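Please look at the sequence and the structure shown below, and keep both at hand while you read this report.

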Amino acid sequence: MTTSQGKGVKTTCPYCGVGCGIIAKREADGSVEISGDPDHPANYGRLCSKGSALGETVGLDGRLLFPEVDGKRTDWDTALDHVADVFAKTIKEHGPDSVAFYVSGQILTEDYYVANKLMKGFIGSANIDTNSRLCMASSVAGHRKAFGTDTVPGTYEDLELADLIVLVGSNLAWCHPVLYQRIEAAKQVRPEMKVVLVDPRRTMTANIADVHLAIKPDGDTALFNGLLVNLAENGKLNQDYIVRYTNGLDETLAAANSTTSELENLTGLSSVELQEFYSLFGNTEKVVTVYSQGVNQSVSGTDKVSAILNSHLATGRIGKPGMGPFSVTGQPNAMGGREVGGLANMLVCHMDLENPEHRDLVRGFWQSPHIPEKPGLKAVDMFKAVADGRIKAIWIMSTNPVDSLPEADSVAHALEECPFVVVSDILEETDTMRYAHVKLPAAAWGEKGGTVTNSERRISRQRRFMHLPGDVKPDWWQMVEVAKRMGFEEAFAFQTPAEIFDEYAKLSCLKNEGSRDFDIGGLSGISEAQYASLPPFQWPHKSDATSTETRFFADGNFYTPDRKAHFVPVKAKTNQIVDEEFPFVLNTGRIRDHWHTMTRTGMSQRLSSHLAEPFCEVHPGDANNLGIKSASLINMENQYGEITVRALVTDRVQKGSIFVPMHWTDQFASNGRVDKLVAAKLDPFSGQPASKNVAVKISQANSGAFAFLLTREKLDLDFSKASYWASARCPGGWRHELAFATRRDAMVFGDKLATETFGDEVLDYNDPVSNEHRLAIFKKGRLSAAFYMSPEPVLLAREWLIEQLQHDFETAEQRQKVLAGRADATKPDKGPIVCSCMAVGVNEIFTAIQAGNTTAQTVGEATTAGTNCGSCRAEINGMIDVYLRETKIAAE
Ligand code: SF4
């Protein structure tokens, strides 16, 4: 393993839980070249669009570079003294449970370890929780119920070895693209491999599925309960495995029993669909069931996980090559956070907070005064406690709860009222930073080093390859310095991440002897040099390891008191939430090219080109009934708030269901924070909110005028006259979508733009018949700004216009073309971008398909689309399918 500068630095992608290896190379001009690490076992050189564009996100634009207290720049000593002082005084006056840390699956394991040690070991509260609570807490709860500990039994290789992959509530094509690519490649080699997608929505992942089961929201428990009963009735259970390694099957089968019509009603699937799926599962030995947020983010998330695990335990299909249940995590270090005890109800190294022996062991090892006996407040409850004053000081690290927690406006209000809010982040302005009394500048990806664990339990190094700018410091250092100032110098004498990792490895094997799954004792005593060159490895990594097998449970050995797995009886229920007032089921989730609240991906022009504004997918039938026109604006509301987003009419969603992405914040849109609408309804075991099943009503927003605005600079524009705005970076500048309550408001905005945008030539066009109004402002022969206003959603050759920001305009005729907003006949508009890496648009791809290129590969050869990271190939395949289907219908 080399980290030498000339060859680039081996590190890990900071986005999703696939945990791809990356080689980052600094160029002489300061830019960073990114490539996939061919040796990393998670991706073998592949990257998705987000990973490929990491080089665009390492600039200093918008960075917080110096500590601030009460809005004033200060030095670290002053800021840290203040944080330690307020935390200490609050604890003294109100007790340890009056303070809290809210951390993130974005921070590194070493950061997590220090935060957890400080809160649980030395402050003496378990009030530390993480945004991972929002993504996989139900999987943790399900694992612990069945296995006695939070173990993911399988490895990524199982996805390639399986004969059947069942994807449940998982849009792998967009959310874990490299895993999707690995399945796609395996299916090309073995076309007999089957993929079943279980999802209410026909996502891009459906393009690889042999069967799409468009299940009702939260119908998964019923589906897998029905599977268990069907397996039993058809003699497909593995009696040997059940007898030797499990208990509790009979009660579980009894709870799972239901009639066919109940099953149809709960799942929304026909008996034919159910029987086909059950028979495929029953008759295929090598089955992997992959599940993620569609399972976890539910009031019955833990039950769904239990139902999935029950089916795998009953067939003994677990921990063997090509077999097993597989929870894939959303975040790069959600798994590291779980291992280190970053959840309020867990202890470090997969030990249990409620277990007195574990508490004693950790307390003795840390030499800490106390370890709390009761769990702390989980994420949603933590912010309720901030709201009602039980928590008086909170430190938020690397996350944006004002956007991502349910009932997000209440979270904002709670922070506004909280006496002391510390926020560590990389950006000066986020929706959460707005409420910080103390702002601490955190090191960004590329500036910090440590480890992360991916979804297959593989621990990889993130390595630093850039200097720390300004006064920026890593998160672990910030916490260590506060801990020292609170009087815990000895326990927090860490000088480097390697020292923290060494202590963590030592604790993992302390009095373990196979009693706990998490054991990396083989790395105890790791030196700085060994840590620097540590290759990716899967745990367990024991000091006395004789086996290289890293799968769990093929031969039992669970971590329950009797070392047997527990079947968990679960009863399927309808989570019927809609009513006459709020008749639509809102499903929230991710899109392909953005990550969380866009603090990094929003910096990339490339990533912002795929989908440039918040949108709502709505079924054509619903749109028709409600008079919602495509590309108009939708108002969406319920008892918690309202948002305004663009209408995207599509049959990818079912009637009565809508989908809105979770990424947009007040930094990028006027009113697109969808988590405002998500009710704080929680799974009773995991505390995870139901972010995919929310009752809302929708209507078309009244807009007197729509507009598209291009600007070369990020102008300080006054959008107060606009009823809607959404801004995104684009090559050479910024693009903005706008709407106004009245035409007059739009005209006032345009006039102001013309007078305040310093240009030397303003072209103006007014059409009294169509009521369209256009402006193009040039400076020194280059386009500074262009504004297109229309009473209807603006139809323009947007991508062509964006390209004009790069050109010099020598003739009046060329400048007039910009005003017209129509592409040159010699260079047609490429259409909305599909391939963000190669900037290929939908029109170009469609032209290639019409010319006879009917595979993603030949489309790539014709257009370059999909030839870099391949994340867009699912969309290209979807376009080919539609074209072939429509051509066939036309021929008939
Ligand atoms: Fe990063 Fe994409 Fe790999 Fe996820 S799949 S780790 S986002 S490169």
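A crossing of two helices is called left-handed if the near helix is turned anticlockwise from the far one by less than a right angle, and right-handed if it is turned clockwise. Helices (H or I, at least four residues) and strands (E, at least two) are DSSP runs, numbered from the N terminus. The model is predicted, and local features need pLDDT of at least 70, side-chain atom pairs count only at pLDDT 80 or more, while totals for chains, interfaces and linings use all residues. Residues are numbered from 1 along each chain as its sequence is written, and side-chain values use heavy atoms, with hydrogens and water left out.

Helix H8 (residues 220–233) and helix H10 (residues 249–256) pack with their axes 9 Å apart and at an angle of about 115 degrees, where axes are lines fitted to C-alpha atoms, for helices over the stretch in contact, and angles run from 0 to 180 degrees between N-to-C directions. The crossing of H8 and H10 is left-handed. On the side of H8 the contact (heavy atoms within 4.5 Å) is made by Asn225, Leu228, Val229 and Ala232, and on the side of H10 by Leu249, Thr252, Leu253, Ala255 and Ala256. These contact residues of H8 and H10 divide into seven nonpolar, two polar and no charged; here Ala, Val, Leu, Ile, Met, Phe, Trp, Tyr, Cys and Pro count as nonpolar, Asp, Glu, Lys and Arg as charged, and the others, Gly among them, as polar.

## A parallel sheet and its edges

Strands of a sheet pair through backbone hydrogen bonds, either parallel or antiparallel. Two strands are taken to pair if DSSP finds at least two bridges between them. An open sheet of five strands has the order S10-S9-S8-S12-S13, and its pairing is parallel. Strand S10 (211–213) and strand S13 (324–327) stand at the edges with a single partner strand each, so one side of each is left without a neighbour in the sheet. From one strand to the next, the twist averages 15 degrees.

Within this sheet, strand S8 (residues 164–168) and strand S9 (residues 194–198) run parallel and are joined by five bridges, and Leu164 stands opposite Lys194 in S9. Helix H14 (residues 301–314) packs on the sheet, where it touches S8, strand S12 (287–291) and S13, and the direction of H14 makes about 170 degrees with that of S12.

## A strand with two partners

Which strands pair with S24, and in which sense? S24 pairs with strand S26 (residues 641–649) in the parallel sense over four bridges, and with strand S27 (residues 657–661) in the antiparallel sense over two bridges. Glu617 has Leu648 as its bridge partner in S26 and Phe659 as its bridge partner in S27. In a regular strand the side chains alternate between the two faces of the sheet. In strand S24 (residues 615–618), Phe615 and Glu617 point one way and Cys616 and Val618 the other way, and all are buried (under 20% relative accessible area).

## The shell around the ligand

A residue is near a molecule if one of its heavy atoms lies within 4 Å of it. The residues around the ligand are Cys13, Tyr15, Cys16, Val18, Gly19, Cys20, Leu47, Cys48, Lys50, Gly51, Pro177 and Val178, and they divide into nine nonpolar, two polar and one charged. Helix H1 (49–52) and helix H7 (177–189) each supply at least two residues of this shell.

## Single residues

The table gives the accessibility of some residues, where exposed means over 50% relative accessible area and partly exposed lies between that and the buried class, using a 1.4 Å probe and protein chains only.

| Residue | Class | Relative accessible area |
|---|---|---|
| Cys509 | partly exposed | 26% |
| Lys392 | partly exposed | 23% |
| Tyr44 | partly exposed | 49% |
| Lys780 | exposed | 73% |

Tyr44, in the loop between strand S3 (32–36) and H1, has a positive phi of about 45 degrees although it is not a glycine. Lys780, in the loop between strand S33 (772–779) and strand S34 (782–790), is likewise not a glycine and has a positive phi of about 50 degrees.

Cys509 belongs to helix H21 (residues 497–509) and, leaving aside residues up to four places away in sequence, touches Arg516, Asp519, Gly521 and Ser524. Finally, a cis peptide bond with omega of about 10 degrees joins Trp539 and Pro540.
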